[in-house]
Amino acid sequence: MTKAFVAGWPVAHSLSPQLHGYWLQRHAIAGSYQAMAVPPHDFAQFIANLPQSGFAGGNVTIPHKEAAFSLCAAKDGEALAIGAVNTLWTENARVCGTCTDSYGFAANLDDHSGNWRTMQTALVIGAGGAARAVVHALIKAGLSKITIANRTPERADSLAGLFGPKVSAHRLDTFPQLARHANLIINTTSLGMDGQSGEVLSLDEASSDALVTDIVYVPLETPFLAAARLRGLKTIDGLGMLLHQAVPGFERWFGVRPQVDLPLRAHLLAILDHRSRQP
Ligand code: NAP
């Protein structure tokens, strides 16, 4: 029986067991996918034990993505471009890794927008690990100008510095002016996650044909997406990114390329809805 995991700390919030469990059942695969709570001080040993563990591989989530990058014996081009690893497998007793977040982000936009790849300018809010994956996806898709706005300007500078002349760094308070010129606006910050309060960035000056997306998916409609919808802009939520980033790992471990479709989305939305009602 093929076994896979998601390792995080904490990990109870992860939707990956339900997501992979759904595909295992749909494809009648006698495999398993389990959540493993691995504290940071045990993570290096966890990786070292992996080749003998009986797992075909697994996912890593917060806070282990950068540590997994450092600890993998082999990394592909996606992992190197993003500086993080979220998908592991073993090969000849070596732990190998990739990062599927850029793929997941782009595949989600492909599902909902026929023309985002031909857009010129994108505005990315945030400069953390997820922003790096998003900027990589935007460069790969061929967008010619990417502006990054972040609360801590030094982090925006460092991120822009990794990607060359198409990418520039800005202060978060310049967001309204930057939004005027953006065809695609992406929130990659945890602002608005899980009902966190905070000021919602104003989209008043955004172009009326701008496409707005958020990679946070709890709540599904973040305050930022709600503001975009009220302003009449087209929006795409972040759940599809989570679903799509899981596809390459499942295919690698279990040998079947699974589909991201409406029944899967409905299944996960029901779980999120159930969780939101728990005290
Ligand atoms: P991270 O590395 O910790 O970066 C967090 C970013 O959010 C930084 O740019 C930070 O700004 C900004 N930020 C946090 N609180 C803020 C506030 N109150 N005001 C303004 N900016 C604030 O985190 P990450 O790994 O990039 O993840 C970011 C989010 O993406 C998380 O919510 C995560 O769950 C989500 N995510 C979703 C998917 C998906 O599949 N949909 C995949 C990956 C991540 P500073 O630099 O100023 O601190």
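**Entry 1: the mixed sheet**

I started with an open sheet of six strands, ordered β2-β1-β3-β5-β6-β4, and its pairing is mixed. I noted why two strands stand out: β2 (32–37) and β4 (74–75) are at the edges with a single partner strand each, so one side of each has no neighbour in the sheet. Strands here are DSSP runs of E with at least two residues, helices are runs of H or I with at least four, and both are numbered from the N terminus. Two strands pair if DSSP finds at least two bridges between them.

This is a predicted model, so I kept its limits in view: local features need pLDDT of at least 70, side-chain atom pairs count only at pLDDT 80 or more, and totals for chains, interfaces and linings use all residues. Residues are numbered from 1 along each chain as its sequence is written, and side-chain values use heavy atoms, with hydrogens and water left out.

Next I looked up one pair. Strand β3 (residues 57–60) and strand β5 (residues 87–91) are antiparallel and share three bridges. G57 sits opposite W89 of β5.

Then I checked the helices. Helix α11 (residues 247–254) packs on this sheet and touches β1, β2, β3 and β5. The direction of α11 makes about 25° with that of β5. Helix α1 (residues 16–26) lies across β1 (3–8), β2 and β3, and runs at about 170° to β2. Contact means heavy atoms within 4.5 Å. Axes are lines fitted to C-alpha atoms, for helices over the stretch in contact, and angles run from 0 to 180 degrees between N-to-C directions.

**Entry 2: the cysteines**

How many disulfides does a search of the whole structure find? It finds zero. A disulfide is a covalent bond between the sulfur atoms of two cysteines. The cut-off used is a pair of cysteine sulfur atoms within 2.5 Å.

I looked at C72. Its sulfur is 7.2 Å from the closest cysteine sulfur, in C96, which is too far for a bond. C72 has 6% relative accessibility, so I wrote it down as buried. C96 is buried as well, with a relative accessible area of 4%. Buried means under 20% relative accessible area, exposed means over 50%, and partly exposed lies in between (1.4 Å probe, protein chains only).

**Entry 3: the parallel sheet**

I moved to another open sheet. Six strands follow the order β9-β8-β7-β10-β11-β12, with parallel pairing. β9 (167–171) and β12 (234–236) are the edge strands, each with a single partner strand, so one side of each lacks a neighbour in the sheet. Neighbouring strands of this sheet are turned by 20° against each other on average, direction ignored.

Why is strand β7 (residues 121–125) largely enclosed by the rest of the structure? Because five of its five residues are buried. In a regular strand the side chains alternate between the two faces of the sheet. In β7, T121, L123 and I125 point one way, A122 and V124 the other.

I listed the bridges. β7 pairs in parallel with strand β8 (residues 145–150) over five bridges, and I125 has A149 as its bridge partner in β8. The chain passes from β7 through helix α6 (residues 129–141) to β8, a right-handed β-α-β crossover. Right-handed means that, with the strands pointing away from the viewer, the path from the first strand over the helix to the second runs clockwise. β7 also pairs in parallel with strand β10 (residues 184–187) over four bridges. There L123 has I185 as its bridge partner.

Last, I noted that α6 lies across β7, β8, β9 and β10, at about 175° to β7.
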